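Hi,

Here is the structure I said I would pass on.

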Amino acid sequence: MSIQTISTIPVAGQEPGTSGLRKKVTVFQQPHYLENFVQSIFDSLDGLSGQTLVLGGDGRYYNPVAIQTILRMAAANGWGRVLVGQHGILSTPAVSCIIRKYEAYGGIVLSASHNPGGPDGDFGIKYNIRNGGPAPEKITEAIYARSQVITGYCISDAPDVDLSRIGTTEMEGMKIEVIDSVSDYAGLMQSLFDFDAIRSLFSGGFTMRFDAMHAVCGPYATRIIEGELGAPEGTVVNAVPLEDFGGHHPDPNPVNAHELIEIMNGSDAPDFGAATDGDADRNMIVGRHFAVSPSDSLAILAANATRIPGYSKGIAGIARSMPTSTAADHVAAVLKVPCYETPTGWKFFGNLMDAGKISLCGEESYGTSSSHIREKDGLWAILFWLNLIAATGKSVNALAAEHWSRYGRNYYSRHDYEHVDAERANTLITDLRKKLPSLAGMRFGSNVIERADDFSYTDPVDGSVSEKQGIRILFADGSRIIFRLSGTGTVGATLRVYFDRYESDKNMHDLDPQAALADLIGIASETAGILEHTGMKSPTVIT
Ligand code: VG1
Ligand code: CO
């Protein structure tokens, strides 16, 4: 066994996006590609020698190869110990939980999250810091900068480590502990929720369908929901993680999890439906004939937090990403707690949680979580809903309807235009940016634009500034249209257009969101020239 230094040259484009570096598997398979990026991570960290690293991934294609390479590089770079999930499996929330519990220096998550997998699919790698959360921009920028000047990497020539058995081995003096992927996370969930109440709910005949979408949440949900909470076997479906997610897009929204939606709309629908994504940090909550909008889910959880043991003392504050609807703001106002508006991506919530400013946070993209970890957490959100249903005896639909009647309803939708030529998408955004100063005061029927700007965020904790985080058109009645380009795709560009309209009138809470938002949808197309720029008459995905 020996450590080698391999010379290499920089590869263009190793720039982390909204959530880590994501590329096609075939890109990662190019010689030195993964190694360059991993060495760039290690080179950007101070004092890692002798420290603990957490390592795991969502089980997608290339995960096993990448894990072995990273172990060999970690050993060669002087890490003291690596905690690696059995079979190389750890969900994103589990990595966050384990970093915190064992006070590790940081962690590496191998996942492209909701992106499709398989040999022709996507792969990804993300670095998380000591607090368990995604590296902030200062670190991701340093990693990228390093990747552009790298000349070599260090790697051991040790053989592959057997990750199938729990236990400890050594490589170049570095300890490798293969740990159970689920138990630390399951323990944390048990400390937050009333497992007895949820157990009684299931033993009383409550039915659920949990669609793990052949992704990493399967083992977690099976152990916790069927094992510890006593839901009947078969409650968790598509529970075995597959390298290609069964050929599907592991994104829990009504479009990609349509099978669950069809079942929940059927005549013998279970009481409750839920789904999670590739790395188990996203969630979708579904009642009978009704899917909860993620923005509403955050607001409903916040409004009811004191019913849950882990949050019985109340919440310090809420944060939501800018494009997420303002439903949570209405709850924060009633609870008299602050509500922060951050750019898209979980990395912006970490400082607020570390400073104790917020307890709950969420994004419109089916992400919800709290300060129990520093990542979004799909199963946590689902357990929260189960606990809420057990505590109130009310259905998902009743909880949502009651919420709207008390706080008002935010009609919300996101329209995605995928596979747009990157240059054309950029032109759409720059043209729109140029128009911004002329938009204020414009009137479209009863909709008057009050302000139009490019969202800029100043972190209230460390003062760092993130600019150009989405174009906002803000109307006099509080309605909003937001435009931004995705930072997680691997082919071309995806334009995301977000619509948010608040309705306080109780008699107007049963509309179809697309109908309630129709005028805003028209204004967005007209103002941004979506058809002219993209050539697309309608979005490819509506959530
Ligand atoms: C998308 C979502 C964003 C989310 C990110 C990572 O980013 O919009 O809210 O945090 O994915 O989620 P973008 O830049 O494509 O809009 V996950 O579950 O893919 O790590
Ligand atoms: Co994810």
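**What I found**

Keep in mind that this is a predicted model. The protein chain has a mean pLDDT of 96, with 100% of its residues at 70 or more. For the scores of the model, you have ipTM 0.98 and pTM 0.96.

**Domains**

The protein chain splits into three pieces: domain 1 runs over 3-181, domain 2 over 185-407 and domain 3 over 409-542. Going by C-alpha atoms, the centres of domain 2 and domain 3 are 26 Å apart. Where these two touch, domain 2 puts in 18 residues and domain 3 puts in 21. On the domain 2 side, α12 (350-354) and α14 (396-407) are the elements that give two or more residues. That side of domain 2 is made up of 9 nonpolar, 8 polar and 1 charged residues.

The UniProt record, an unreviewed entry, annotates residues 14-148, 192-286 and 295-407 as "domain: Alpha-D-phosphohexomutase alpha/beta/alpha". I looked at two of those spans in the model. Residues 14-148 come out as 37% helix and 23% strand, with 8 Å between the end C-alpha atoms. For residues 295-407, the figures are 44% helix and 14% strand, and the end C-alpha atoms are 13 Å apart.

**The ligand**

Which residues are closest to ligand 1? They are T18, S113, S486, G487 and T488, out of 18 residues that surround the ligand. By class, the shell around ligand 1 has 12 polar, 5 charged and 1 nonpolar residues.

Helix α4 (residues 92-101) is mostly covered, with 9 of its 10 residues buried. What lies over them? After α4 comes E103, which has a positive phi, near 50°.

Helix α10 (residues 294-303) is mostly covered too, and here 10 of its 10 residues are buried. Among them are P294, S295, D296 and S297, and the buried residues of α10 also include L298, A299, I300 and L301.

Cheers

Definitions and conventions. Residues are numbered from 1 along each chain as its sequence is written. Chains are lettered from A and ligands numbered from 1 in the order in which they are written. This is a predicted model: local features need pLDDT of at least 70, side-chain atom pairs count only at pLDDT 80 or more; totals for chains, interfaces and linings use all residues. pLDDT is the predictor's confidence in each residue, from 0 to 100. Domain bounds come from an automatic or database domain assignment. Two residues are in contact if their C-beta atoms, placed from the backbone, lie within 7 Å. Helices (H or I, at least four residues) and strands (E, at least two) are DSSP runs, numbered from the N terminus. Ala, Val, Leu, Ile, Met, Phe, Trp, Tyr, Cys and Pro count as nonpolar, Asp, Glu, Lys and Arg as charged, and the others, Gly among them, as polar. UniProt positions are given in the numbering used here, feature names are shortened, and annotations may be inferred rather than shown by experiment. A residue is near a molecule or strand if its C-beta atom, placed from the backbone, lies within 6 Å of it. A residue is buried if 20 or more other C-beta atoms lie within 10 Å of its own, exposed if 12 or fewer, and partly exposed in between; C-beta atoms are placed from the backbone.
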